[in-house]
Amino acid sequence: MPNSTRSSNDCAPCRLDWRPSRWLIVSLVVLGALGGCAALASEMPRIAAAPLALISVLQGAWLAWRESRQAVRQLVWPLEAAPQVDGVPVDGVLLHWRGPLAFLQWRDRDGGVRRMAWWGDTLPAHTRRQLKLAAASSAGALASMAP
């Protein structure tokens with residue numbers, strides 16, 4: 001076939017951008033409001049329930065604001081190599097899955113533990129599959145079929 005493209009055994013690395021999840025931001029605001037409603041609906045005296053409700057709403061709003069201000073990070077996970085976060089190679093990488101949610105934990109150069117979580121709105125299905133394949137191939141633990 002003279003017009004066919006040449007194939008290669010090399011695969012491109014998995015490149016993911018982490019950004020704050022809109023679902024998480026909305027959830028934090030809703031949970032703060034529900035906490036305020038719960039304080040007002042309890043049998044607590046109103047003089048104590050009102051400030052507690054206000055604190056709950058403000059805390060939820062502050063957590064949502066803090067989450068929305070986080071910078072976008074880039075994960076590059078080459079096949080058969082150590083992953084990089086924002087261009088820096090990382091050690092001790094652990095990837096956990098909870099349904100469509102992905103949780104990545106690693107150690108930075110100073111030995112501190114860092115984490116990223118991808119929610120369903122920030123990790124589409126095709127990207128989720130790329131991440132699973134990259135993580136499995138670098139661990140050398142590709143799933144095999146039963147004999």
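A contact is a pair of heavy atoms within 4.5 Å. In the protein chain, 54% of the contacts with a separation of 6 or more are between residues 24 or more positions apart.

The structure is a predicted model, in which local features need pLDDT of at least 70 and side-chain atom pairs count only at pLDDT 80 or more, while totals for chains, interfaces and linings use all residues. Residues are numbered from 1 along each chain as its sequence is written, and side-chain values use heavy atoms, with hydrogens and water left out.

**View 1. Overall fold of the protein chain.** Three helices and seven strands are present (DSSP runs of H or I with at least four residues, and of E with at least two, numbered from the N terminus). Along the sequence they follow the pattern β-α-α-β-β-β-β-β-β-α. Of the 147 residues, 27% count as buried (under 20% relative accessible area, 1.4 Å probe, protein chains only).

**View 2. The open sheet β5-β6-β7.** Three strands in this order form the sheet with antiparallel pairing (two strands pair if DSSP finds at least two bridges between them). Its edge strands, β5 (91–98) and β7 (113–118), each pair on one side only. Six bridges join β5 to β6 (residues 101–107), and Leu94 has Gln105 in β6 as its bridge partner.

**View 3. Leu31 in helix α1.** Helix α1 spans residues 22–41 and contains Leu31. Leu31 is exposed, with a relative accessible area of 55% (exposed means over 50%).
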